[in-house]
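Please open the model in your viewer and keep the selection tool at hand. The stops below say what to select next and what can be found there.

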Amino acid sequence: MKARLFGTDGIRGIAGEYPLDARTIFACGSALVRVLGSPLRVLLGRDTRESGPWIERLFAAGVRAAGGEVVSAGVFTTPGIAYLVRAHAELDAGVVISASHNPYRDNGIKIFSAEGMKLDDAQEAAIEREIEALARESEFEARDHLESASGEFAEERFAAEYLRFLRERGMGASSGERPLAGWRVGFDGAHGAAYRLGPQLLEGLGAHVHVIGAAPDGRNINHECGSLHPEALQRVVREHNCDLGIAVDGDADRAIFIARTGEVLDGDDVLYILATYRHERGQLRGNVVVGTEMTNYGLEQALAQRGIALVRAKVGDRYVLEQLLRHGASLGGEPSGHVIVPELSPTGDGLLTALLLLNVMRETGRDVTELRAGFLRYPQHVLNVRVREKPPLETIPELLRAMAEAQERLRDRGRVLVRYSGTEPVARVMVEADAEDLVREIAAALAEVIHRHLGVS
């Protein structure tokens with residue numbers, strides 16, 4: 001059976017190779033119009049990868065070939081495109097050309113509905129069928145479609161609108177107000193889509209911003225910078241005595257944070273801080289927080305002590321949103337830094353999360369390390385095993401036995417999780433417990449079993 005084009009976060013691969021070859025990209029643009037219906041007005045954005053412009057042109061050509069229209073926002077964040085699509089009635093879909101936190105050689109196609117939400121499984125399956133049909137219909141030459149994209153281009157107007165939304169909803173600040181005057185903030189833009197928007201936002205709120213990761217060259221996106229590599233930002237925060245450091249990834253749908261001490265705070269820390277703040281003010285609907293299978297067990301315990309339940313979703317912000325809507329909850333997220341507040345945005349937004357966190361600090365007068373003091377993190381170890389295929393894990397008896405034995409050893413002291421990545425040829429082994437040595441020992445044993453059965457030489 002042929003693998004699905006869509007993973008947990010759109011279509012992703014190496015730029016220039018299937019499924020990001022010229023034929024498939026063009027067909028995807030046309031298929032989107034065929035599935036969602038013509039006339040279709042599509043808003044396009046991209047990050048700073050060198051492959052972004054030609055992928056955008058091919059996708060736009062496919063949309064126009066099927067009778068749709070294209071509006072380009074240029075270099076723009078994923079959550080920014082999701083916001084603009086739902087804010088403009090004349091826009092029917094949003095598409096972001098980005099591979100998020102992946103290296104520059106990768107790229108991807110993320111599609112949002114008019115409500116700013118990722119397409120459901122049925123719509124993605126329909127687009128895949130249309131792509132296959134289009135590939136059979138006619139011969140295709142990339143050079144016939146790599147003309148300059150025509151249509152409206154409105155990057156600056158869209159940027160001003162999105163920044164206004166962030167100021168007003170993230171910090172309650174109207175134009176001209178400077179609630180962060182006197183604050184020192186470090187910002188790492190990962191040489192990605194937020195390299196200009198992030199500093200503009202923070203400076204507009206009055207902060208003195210120390211910026212790194214803001215010189216994209218097409219190949220340095222996420223390279224030793226951003227949310228996956230906080231070391232440089234830690235140095236900046238310490239050197240300039242910043243009140244907070246903010247590190248986003250390539251498309252700024254996630255963020256992690258650096259305290260004054262240099263301590264790194266991930267999505268679990270942010271969920272604890274925002275949940276307890278909202279709970280104390282009666283603003284946490286249902287007293288429920290949505291996490292994922294990877295959410296630290298210590299967070300579940302810390303929230304329970306405050307009368308807050310943790311609901312776990314599958315890994316992926318689309319699944320977090322599903323559970324948020326199902327439970328009528330108002331806060332959810334992932335350790336990676338995706339945080340969703342559905343009344344503000346149906347997708348993770350690193351810049352919005354940063355403002356929500358800064359606002360809690362400002363209103364309470366407390367540093368983030370004080371705000372997270374009630375959360376004691378369990379030691380957690382994650383090992384990635386590259387695999388040549390992804391058969392159902394339950395079809396590997398030796399792995400099932402090893403997992404059962406591991407859980408028996410842990411009992412109530414921790415938990416084990418083995419799953420496939422939704423975006424990479426990788427099996428992830430996660431073990432967490434109250435003893436670091438035990439965690440590493442069990443994780444290594446499980447990883448070895450997977451490598452024997454599925455590993456790449």
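Select Gly328, which comes just after helix H10 and takes a positive phi of about 65 degrees; helices here are DSSP runs of H or I with at least four residues, strands are E runs with at least two, and both are numbered from the N terminus. This is a predicted model, in which local features need pLDDT of at least 70 and side-chain atom pairs count only at pLDDT 80 or more, while totals for chains, interfaces and linings use all residues. Residues are numbered from 1 along each chain as its sequence is written, and side-chain values use heavy atoms, with hydrogens and water left out.

Step back into H10 itself, residues 317–327, where the buried residues are Asp317, Arg318, Tyr319, Val320, Leu321, Gln323 and Leu324. Buried means under 20% relative accessible area, exposed over 50%, and partly exposed in between, with a 1.4 Å probe and protein chains only. Among the elements that cover these residues of H10 are strand E1 (6–7), helix H4 (121–137) and strand E13 (288–292), where contact means heavy atoms within 4.5 Å.

Next, select Asp47, in the loop between strand E3 (41–46) and helix H2 (52–65). Is Asp47 buried or exposed? At 0% relative accessibility, Asp47 counts as buried, and its side chain makes a polar contact with the side chain of Ser98 at 2.8 Å. A polar contact is a pair of N or O atoms within 3.5 Å; within protein, one must be able to donate a hydrogen and the other to accept it, and residues adjacent in sequence count only if both atoms are side-chain atoms. Not counting residues up to four places away in sequence, Asp47 touches several residues, including Val75, Ala193, Ile221 and Gly250.

Move on to Asp269 in helix H8 (residues 267–280), a buried residue with a relative accessible area of 1%. A polar atom of its side chain lies 2.9 Å from the backbone nitrogen of Asp266. Leaving aside neighbours within four places in sequence, Asp269 is in contact with Val264, Arg372, Phe375 and Arg377.

Now colour the five strands of the open sheet with the order E9-E8-E10-E11-E12, whose pairing is mixed; two strands pair if DSSP finds at least two bridges between them. Strand E9 (208–212) and strand E12 (264–265) stand at the edges with a single partner strand each, so one side of each is left without a neighbour in the sheet. Helix H6 (residues 197–204) packs on this sheet and touches strand E8 (184–188), E9 and E10, and its direction makes about 170 degrees with that of E8. Such angles run from 0 to 180 degrees between N-to-C directions, with axes taken as lines fitted to C-alpha atoms, for helices over the stretch in contact.

A further open sheet has three strands in the order E17-E19-E18, with antiparallel pairing. Here E17 and strand E19 (residues 426–432) pair over seven bridges, and the bridge partner of Asn384 in E19 is Arg428. Helix H13 (residues 397–410) packs on the sheet, touching E18 and E19, and its direction makes about 155 degrees with that of E18. Helix H14 (residues 436–454) also packs on the sheet, touching E17, E18 and E19, with a direction at about 15 degrees to that of E17.

Finish with helix H5 (residues 155–171) and helix H11 (residues 350–364), whose axes come within 9 Å and cross at roughly 35 degrees. Among the residues making the contact are Tyr162 and Leu166 of H5, and Leu355 and Arg362 of H11.
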